[in-house]
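This report looks at charged pairs and at one helix packing. The structure comes next.

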Amino acid sequence: MEWINAELLPEHIVVRSLETDIFDGLILHHLFQKLTGVKLDVEEIALTAASQRRKLAMVLEAAGQSLQVEEPQAQWSVESIFNKDLLATLHLLVALAKRFQPDLSLPTNVKVEVIIMESTKSGLKSEMAVEQLTECGTDKDQPLKDVFDELFKLAPEKVNAVKEAIVNFVNKKLDRLGLSVQNLDTQLHNVTLALELLKDEDLLNHPVSPEDIVNKDTKSTLRVLYGLFRKHKLKESTDGEPLEFPN
């Protein structure tokens, strides 16, 4: 969901539930066009079940062509997606992510236990199966975790210490210009070009939206400044100046 919402942020589309937001083809339509740049000749708003199903079928056909997967071999179908089958929806979205954003940090070797029910003459018959959602791999195959997702999730009590260390670093660099920062959340918002330059210099380990910076998102601001901190870390250590940063 985070990946889809990041992709569709410019279109002000927000997914809150994969089960209820994906089935009618509307969001899949926007996502497919954003990922591929291919404009599909489908109606923008489909209000009836029949038109939603028709739109979904056209989007899935185009997606299958891009993924080089035909429906009989696919782990999803128009029927399963339209019926809000979460497993089928996940198979489709994982395939799209793998094809169009292979560096997306998805956990490896995710399996789902499935109970298959069948009605027979003698009654209901059930059996257990296991479906693989993501490929097998090792920890070495995994992209590095975003340090600030981990920080805000696992050690929120340390956020202020990190902010203080970053502000000290920024002020040290701005001192020669006669500038200083007191409030990290509100004073650092000259954004889009700066982010493009940082991206070109490979200083961002995690995508950052200019809108998040402008909207005073602390985590995004810290990501940007930490990238700059890491850039100077080796140089300052070489110069013999000690660097203090929360562990």
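The model is predicted. E7, at a relative accessible area of 16%, is buried. The cut-off for buried is under 20%.

These two residues form a salt bridge, and their closest N and O atoms are 3.1 Å apart. K34 belongs to helix α3, whereas E7 belongs to helix α1 (residues 2-7). The pair therefore ties together parts that are 27 residues apart in sequence.

## E43 and R54

A salt bridge also joins E43 to R54. Here the closest N and O atoms are 3.3 Å apart. E43 sits in the loop between α3 and α4, and R54 sits in helix α4. The two are 11 residues apart, and the pair links distant parts of the chain.

Both ends are partly exposed. E43 has a relative accessibility of 35% and counts as partly exposed. R54 has 46% and counts as partly exposed.

## E135 and K98

The side chains of E135 and K98 also meet in a salt bridge, at 2.3 Å from N to O. E135 lies in the loop between β2 (123-132) and α7 (147-154). K98 lies in helix α6 (residues 86-100). The pair is 37 residues apart in sequence, so it ties together separate parts. Both residues are exposed.

The count of salt bridges in the model comes to four. Among them are K34 with E7, E43 with R54, and E135 with K98.

## Packing of α3 on α4

Two packed helices are described by the angle between their axes and by the distance between those axes. Helix α3 covers residues 26-36 and helix α4 covers residues 49-67. Their axes come within 9 Å. They cross at roughly 30°. Angles under 35 degrees count as roughly parallel, and α3 and α4 are therefore roughly parallel to each other. The crossing of α3 past α4 is left-handed.

Which residues of α3 and α4 meet? On the α3 side they are L26, L28, H29, F32 and T36. On the α4 side they are K55, L56, V59, L60, A62, A63 and S66. Of the residues in this contact, eight are nonpolar, three are polar and one is charged.

Key: Residues are numbered from 1 along each chain as its sequence is written. This is a predicted model: local features need pLDDT of at least 70, side-chain atom pairs count only at pLDDT 80 or more; totals for chains, interfaces and linings use all residues. Side-chain values use heavy atoms; hydrogens and water are left out. Axes are lines fitted to C-alpha atoms, for helices over the stretch in contact, and angles run from 0 to 180 degrees between N-to-C directions. Helices (H or I, at least four residues) and strands (E, at least two) are DSSP runs, numbered from the N terminus. Angles under 35 degrees count as roughly parallel, over 145 as roughly antiparallel, 65 to 115 as roughly perpendicular and the rest as oblique. A crossing is left-handed if the near helix is turned anticlockwise from the far one by less than a right angle, and right-handed if clockwise. Contact means heavy atoms within 4.5 Å. Ala, Val, Leu, Ile, Met, Phe, Trp, Tyr, Cys and Pro count as nonpolar, Asp, Glu, Lys and Arg as charged, and the others, Gly among them, as polar. Buried means under 20% relative accessible area, exposed over 50%, partly exposed in between (1.4 Å probe, protein chains only).
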